[in-house]
Amino acid sequence: MVIDFTALSVRDAYTWMAGTIIPRPIAWVSTISPEGRTNLAPFSFFQAVTANPPTLMFVPVNDRSGGKKDTVRNIEEDVPEFVVHIVDEAVSAKMSLAAADFPTGVSEIDFAGFQTAPSLKVRPPRLVECPVQLECRLLQIVRVGRRPNVVVMGEVVHFHFREGLVN
């Protein structure tokens with residue numbers, strides 16, 4: 001089978017990419033707006049970039065209307081920090097609840113009933129139920145494609161691991 005990606009719709013291209021490049025971890029990213037409103041969203045395009053400095057990236061594709069998602073707006077608007085959470089089976093149901101399309105200003109963290117704790121080096125809160133929480137500061141936002149979408153790169157400035165997870 002040969003597929004011409006230039007002839008595919010955005011939705012079909014996403015389906016092929018997401019279904020082919022596996023396993024793919026989920027970045028569950030918490031941000032905070034300049035007004036202090038929290039936001040939480042999952043991103044399936046996520047990966048480590050380098051260890052020096054410790055850097056990761058995630059790709060918050062645009063919303064269905066082509067606009068920026070709250071995550072990107074929060075990071076761009078005076079709070080260039082975020083926390084990436086690694087999800088396990090124990091919180092997967094809450095992740096599904098928080099993945100719904102909420103209006104701006106609605107806290108997915110509150111809706112899903114998460115317990116939060118203050119981060120130590122960044123302003124957005126962290127979800128204590130998640131086994132790994134990576135506090136990050138924005139390094140760079142790279143615009144990609146015709147729409148354009150963006151790749152968000154952040155330096156990991158603090159790690160939190162569930163007790164007993166790391167030997």
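The largest nonpolar core in this predicted model has 17 residues. Val-29, Leu-56, Phe-58, Phe-82, Val-84, Leu-134 and Cys-136 touch the most other members. At least two residues of this core come from each of β1, β2, β4 (54-58), α2, β5, β8 and β9. Apart from this core there is a second one of 10 residues, with Val-91, Ile-109, Ala-112 and Cys-130 among them. In soluble globular proteins, nonpolar side chains tend to be buried together.

**Core and strand pairing**

- Cys-136 is one of the core residues that touch the most other members. Beyond four places in sequence, Cys-136 contacts Leu-56, Glu-81, Phe-82, Val-84, Val-122, Gly-154, Glu-155, Val-156 and Val-157.
- Strand β5 covers residues 81-86 and strand β8 covers residues 132-144. β5 and β8 pair antiparallel over six bridges.
- Val-84 faces Leu-134 of β8. Both Val-84 and Leu-134 are on the list of core residues with the most contacts to other members.
- Strand β9 spans residues 149-161. β8 and β9 run antiparallel and are joined by 12 bridges.
- Val-144 has Asn-149 in β9 as its bridge partner.

**Asn-74 and Ser-33**

- Asn-74 sits in helix α2, which spans residues 70-76. Its relative accessible area is 9%, so Asn-74 is buried.
- Ser-33 belongs to the loop between β1 (27-32) and β2 (38-43). Ser-33 is also buried, because its relative accessible area is 4%.
- Not counting residues up to four places away in sequence, Ser-33 touches Asn-74 and Val-79.
- Asn-74 and Phe-159 are 85 residues apart in sequence. Their C-alpha atoms are 21 Å apart in space.

- Glu-108 lies in helix α4, residues 108-112.
- Glu-108 is buried, yet it has no salt bridge. The nearest side chain of opposite charge is that of Arg-73, 9.1 Å away.
- A polar atom of the Glu-108 side chain lies 3.2 Å from the backbone nitrogen of Leu-40.
- Leaving out residues up to four places away in sequence, Glu-108 touches Thr-38, Asn-39, Leu-40, Ala-98 and Phe-102.

**Salt bridges**

- The whole structure holds eight salt bridges.
- Lys-68 and Glu-76 form one through their side chains, at 2.7 Å from N to O. Lys-68 is partly exposed, at 36% relative accessible area. Glu-76 is partly exposed too, at 31%.
- The side chains of Glu-76 and Arg-143 also form a salt bridge, at 3.1 Å from N to O. Glu-76 is in helix α2 and Arg-143 is in strand β8, so this pair ties together parts that are 67 residues apart in sequence. Arg-143 has a relative accessible area of 48%, so it counts as partly exposed.
- Lys-68, Glu-76 and Arg-143 make up one network, joined by salt bridges that share partners.
- Arg-73 and Asp-70 form a salt bridge through their side chains, at 2.1 Å from N to O. Both lie in helix α2, three residues apart, or about one turn of the helix.
- Arg-73 is partly exposed, with 26% relative accessible area. Asp-70, at 12% relative accessibility, counts as buried because the limit is under 20%.
- Arg-73 thus has a salt bridge with Asp-70, while the side chain of Arg-73 stays 9.1 Å away from Glu-108.

Note on methods:
Residues are numbered from 1 along each chain as its sequence is written. This is a predicted model: local features need pLDDT of at least 70, side-chain atom pairs count only at pLDDT 80 or more; totals for chains, interfaces and linings use all residues. Side-chain values use heavy atoms; hydrogens and water are left out. Helices (H or I, at least four residues) and strands (E, at least two) are DSSP runs, numbered from the N terminus. Buried means under 20% relative accessible area, exposed over 50%, partly exposed in between (1.4 Å probe, protein chains only). Two strands pair if DSSP finds at least two bridges between them. Contact means heavy atoms within 4.5 Å. A nonpolar core is a set of buried Ala, Val, Leu, Ile, Met, Phe, Trp, Tyr and Cys residues joined through side-chain atoms within 4.5 Å. Lys and Arg count as positive and Asp and Glu as negative; His and the chain ends are not counted. A salt bridge is a side-chain nitrogen of Lys or Arg within 4 Å of a carboxyl oxygen of Asp or Glu. A polar contact is a pair of N or O atoms within 3.5 Å; within protein, one must be able to donate a hydrogen and the other to accept it, and residues adjacent in sequence count only if both atoms are side-chain atoms.
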